[in-house]
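Trainee: Could you take a close look at one part of this chain with me? I would like to start from its surface and then see the rest around it.

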Amino acid sequence: GYIMAKNHLPVQPLHSTRRLDVIQDHFRRSRLRAQWAVSHVGLSIISSALTTIFAAIPLSFATVQLLARFGQIMVINTLTSILLTLTTCCAMLCYQPQWKFPGTLKGSVAGLIGSMLVLGMLLIIIYIMSISGASVPRPDGSDFF
C-alpha cells in the first residue's frame, strides 16, 4: 500500500528552494503516503487478524493441553501484531524515505555493521545470563553456554 500510494498523492510544486521547505514537503508527502496505505490496507490487516483470533479461541478451550496452549499463544501473538502494526508501523511509515531512495554501499555496510552489533549484544546478554545462573536453553534442550 505504501509503494502504491505514490500514484495517488496530490501534486504540488515546491514554491521555494529553501531547505526547510523541502524537508517539510518530504514529511508531508510521507504522511500522505502513510495515511493512504493505512486507509487502504489497514482494513485487510484487521480482518485477517480477527479471523485468526476467532479461529484460535476454540483451540484455547480444547481438552488437549498442547492445543489449548497453542491457541492461547496464537491469540496473544495476533493481538500483539495488530497493536504493533497499527501503532509502530504507521509511525515508521511517516518517516520512511521516498520510495525511490537510492541505496549506497556505505549505507549497506552501515546496516550490516549495525545488525552485527545487535546480534553481538544479544549473544553477550545470553552469555551474561548463563554465567549468572539462568538457564537459557537451545531448541534441543541443552544450554547455550
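Trainee: Which residues form a nonpolar patch on the surface, and how much accessible area do they have together?

Mentor: Happy to! This is a predicted model, so local features need pLDDT of at least 70 and side-chain atom pairs count only at pLDDT 80 or more, while totals for chains, interfaces and linings use all residues. Residues are numbered from 1 along each chain as its sequence is written, and side-chain values use heavy atoms, with hydrogens and water left out.

The patch is made of Leu119, Leu122, Leu123, Ile124, Tyr127, Ile128, Ile131, Phe144 and Phe145, with about 890 Å² of accessible area together. Patch members have over 30% relative accessible area and no salt bridge; like charges are joined within 9 Å, and nonpolar side chains (Val, Leu, Ile, Met, Phe, Trp, Tyr) within 5 Å. A salt bridge is a side-chain nitrogen of Lys or Arg within 4 Å of a carboxyl oxygen of Asp or Glu. Areas come from the Shrake-Rupley method with a 1.4 Å probe, and for residues only the protein chains shown count as cover.

One member, Tyr127, lies in helix H3 (residues 105-131). Helices (H or I, at least four residues) and strands (E, at least two) are DSSP runs, numbered from the N terminus. Tyr127 is partly exposed because its relative accessible area is 41%; buried means under 20%, exposed over 50%, and partly exposed in between (1.4 Å probe, protein chains only).

Now the setting. The chain has three helices and zero strands, in the order α-α-α. Its accessible surface comes to about 11100 Å², 71% of it from carbon and sulfur atoms, and buried residues make up 17% of the 145 residues.

Helix H2 (residues 65-94) reaches 43 Å from its first C-alpha to its last, close to the 44 Å expected at 1.5 Å a residue; that expected span is 1.5 Å times one less than the number of residues. H2 also has a kink of about 35° centred on Thr85, where the bend is the angle between axes fitted to the seven residues ending there and the seven starting there. Buried residues in H2 include Ala68, Gly71 and Val75.

Those three are also touched by Ser60, as is Gln72, not counting residues up to four places away in sequence; a contact means heavy atoms within 4.5 Å. Ser60 is in helix H1 (residues 19-60) and counts as buried because its relative accessible area is 18%. By contrast, Arg69 of H2 is exposed, at 51%.
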